[in-house]
Amino acid sequence: MNKMMTRGRAALMLGVATAMISPQAAMAQDAPGASDGGLEEIVVTARKREENLQSTPISVAALSGDALAKAGIDEFSEIANRIPGFTLNPDNVSEPNIFLRGIGTDIESAASSAAIGFFLNDVYLPRAQGTAIELFDLERVEIVRGPQGTLYGKNVVGGAINYITRKPTDEFRAGAEAGIGNYGGFDVKANVAGGLGEGLSGSIAATARRHDGYAFNSFTGNDVEDLTAFGALGQLRYQPNDSLDILLTGDLTRRRARGKWVDIQTPSTHNIPFVNPDPRRGPNNIDGKQDADLGGVHLSIDWDSGSGTLTSISAYREGRFKVLNNDAGSFIDFTRLAYGPDGRIDFFGFDRTRFNDDYFVNNKNERVKSFSQELRYRSDWDGAFNLLAGVYYQHEQVDRVEDADYIFVRFFAQGREIAETGLKSDTYAAFLEGTYDFTDTLGVTAGIRYTKDSKRFTVYRETIGDFLGADFEDENGNFTRSFSASDKQSWDAWTPSINLHWQASEDAYLYALVSKGYKSGGWNGENATNPGEARVSYDPEYAWNYEIGAKTTWLDNRLRLNVTGFWTEYKNLQTQQFVIFDPNLPADNVIANAGKARVKGIELETALVPVDGLTLFANYTYMDAKITGDLISTELRFDFSCFCNVAVPTNLKGNVLRRSPENSFSIGGDVTVPLSSRLNGFVRADYNWTDDFFFDNENGLRTAQDSVGVLNASIGVATEDDKWELRLWAKNLTNELYESGKADVIGSVLVSYNPPRTYGATLRWKY
């Protein structure tokens, strides 16, 4: 009944909203309305060409840099929380879980590939760089939904996120802002850009921010979930004439933080005494860490030949990640344990009921290097036909060490496991896309991309003490404490697309799209128990996407209404499962392929300027995401024949895909009123609601997240020329306690939480 009432309230809020839009329709604009009182035109480059969003035949959300600044958005997680159908778990800075339209990845492996691609000025950001990078001095952020296999490739099977920086010009610009907040929050940003000489311009921007921890470790006496971050972005642009444009970009991000807090939300019978009264406070043996250092250098060259533009993009990037966490959220008083003559724990020498059943300290270190080169040509021919063609190459190297130290008192196990894994991959691609206009209003765009991924994977596994899973074996099946293995494979795919688009009237644009996406395969080496198992790979993932859309404007450009319907079929969906191989041992993490999966849904987006100075916005996504093929998991069931628990295979066919809320929406408003001839007042607010969803494919009720709504708001004053602004702001205003991650481990539900209520004040100046 409570769930029905919650959904009823959600439906009522949608029904009474005077306008419904996505951030692309409201947040992307630089002002509440155009000079004539209507909505601003939004220009995007999601298809690697400048286009009006209202005549772009794909589903795109765009957020301008000015809108990001006004909303106080510093991290990608805050963007994701404002996009219905987008879920993100940033608990692990090296391997965040990112899902869009029900598709993403939660696989933790050096050999895995992300389903959602991140790009900075068209340069692919490998591994976790896309979510760890500091966001500032951006022109806009574009979220492209669905498979993008033709123009982007590089495993973009679920969507693409594009960060576009503000390019320097001869015109001088500068800006600065400083803010303070609760939890000891402080941040400062500054940027300056302008001409440096004949045809030469440059820009530099920097940001520094910090806050104290959202949780407290009573054993060490330290805050956890704190953050200190620094970022810098420099650009040098040379335009000797109208046909040549050379841009050199360098960026750097440094993040330092203590670990993610883990709380026992639902304890096993054994763990009942160890539940913390406060979900954000309690004892833990370590504070942990979530550190990231990343950056890169990109050189982009655009040459206009008169009949088209030739573009070259060369890039080198590097990232280092260090993650240390007690994933069990537990505290063990080692002074109260009993030890044998060998110095190891004697599990029969003390009362095991007085100790948490799970102590698991995971130490991960990862380094990634990549080089990429793209060459493409975009024609500008007179006539009905034009094309975009190019080639792409990327080399990526990943070196990863995972060192797990564990104690399981219920399983009489104490040990340590080490997995050193490495990946060297080369991606080669060629793509071609052509557009033919049958008439001035009706056209078709068709394209195809060929991609080949060659990967070489290496692994070294070692165990000390008691095995966490099955015993290790060497090549001959003999017991061993360590082994190594390597394998190399290549996968390739053709990913076509075809798009029929029609400018039905000046204010109505319709399109129908069919496209294919692809993500390369990988290996299960991190959790293997023998060389043969380490060399077993999982298959590539494929997707066919069918999409129709209508983009319309009404009321003399004061109302924007966009509707998209999509149906996506996935084959060999890559997913990570907890599988029980031995009832007497904890479950193992295994990467598997679901035979098939299907996601269908509707996206509704609207913007309204009913009167000058007032913008109303909201968006809504309905999503039906199901496993439609075989995916085998296991569960423990009591067997009366042996009076013991046995592992029983379970087919998850028909279950809802993890992290796929059926309904989600965002609504809000932005109102500006004159207070005097030189001063304006403003109020901004957005409310983001997500339906309940499952954190796992097993659809366990214990690991489901309840529906939640999060309110963000700000109020302030700004000068009439918008050079000065003072803003009071609050995020998660109602202080909702809701999960970012959730897992059922040995009968206890362990969770991590999203940030609590934060608030503060920011003073901004720009020239």
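Biologist: Hi! Which residue stands opposite Val-60 in E9?
Modeller: Val-144 does. Those labels count residues from 1 along each chain as its sequence is written. This is a predicted model, where local features need pLDDT of at least 70 and side-chain atom pairs need 80 or more, while totals for chains, interfaces and linings use all residues, and side-chain values use heavy atoms, without hydrogens or water.

Biologist: How do E3 and E9 pair?
Modeller: Strand E3 (residues 60–64) and strand E9 (residues 138–145) pair in the antiparallel sense, over 5 bridges. Strands pair if DSSP finds at least two bridges between them. The elements are DSSP runs numbered from the N terminus: helices (H or I) have at least four residues and strands (E) at least two.

Biologist: How many residues of E3 are buried?
Modeller: 5 of its 5 residues are, so the strand is mostly covered. Buried means under 20% relative accessible area, exposed means over 50%, and partly exposed is in between (1.4 Å probe, protein chains only).

Biologist: Which way do the E3 side chains point?
Modeller: Val-60, Ala-62 and Ser-64 point one way, while Ala-61 and Leu-63 point the other way. In a regular strand, side chains alternate between the two faces of the sheet.

Biologist: New topic: how many aromatic pairs are there?
Modeller: A search of the whole structure finds 30. Rings of Phe, Tyr and Trp (its six-membered ring) pair if their centres lie within 6.5 Å; planes under 30 degrees apart are stacked, over 60 edge-to-face, and the rest tilted. Take Phe-665 and Tyr-687: their centres are 6.3 Å apart and their planes are at 45°, so this pair is tilted. Phe-665 is in strand E36 (residues 663–674) and Tyr-687 in strand E37 (residues 679–690), 22 residues apart.

Biologist: Is Phe-665 buried or exposed?
Modeller: Phe-665 is buried, at 2% relative accessible area, whereas Tyr-687 is partly exposed, at 22%.

Biologist: Which Phe residues do ring pairs link into a cluster?
Modeller: Phe-347, Phe-348, Phe-350, Phe-355 and Phe-412.

Biologist: Which charged residue lies over the face of Phe-566?
Modeller: Arg-101, at 3.9 Å from the ring centre. The rule asks for NZ of Lys or CZ of Arg within 6 Å of the ring centre and within 35 degrees of the ring normal. Arg-684 also lies over a ring face, that of Phe-682, at 3.9 Å from the centre.

Biologist: And salt bridges, how many does the count come to?
Modeller: The count comes to 59. A salt bridge has a side-chain nitrogen of Lys or Arg within 4 Å of a carboxyl oxygen of Asp or Glu. Asp-66 forms one with Arg-764, with the closest N and O atoms 3.9 Å apart. That pair links distant parts of the chain, 698 residues apart: Asp-66 is in helix H3 (residues 65–71) and Arg-764 in strand E44.

Biologist: Are those two buried or exposed?
Modeller: Asp-66 and Arg-764 are both buried.

Biologist: What does Glu-134 form a salt bridge with?
Modeller: With Arg-209, where the closest N and O atoms are 2.9 Å apart. Glu-134 is in the loop between helix H5 (129–132) and E9, and Arg-209 is in strand E13 (residues 200–211), so the pair ties together parts 75 residues apart in sequence. Both Glu-134 and Arg-209 are buried.
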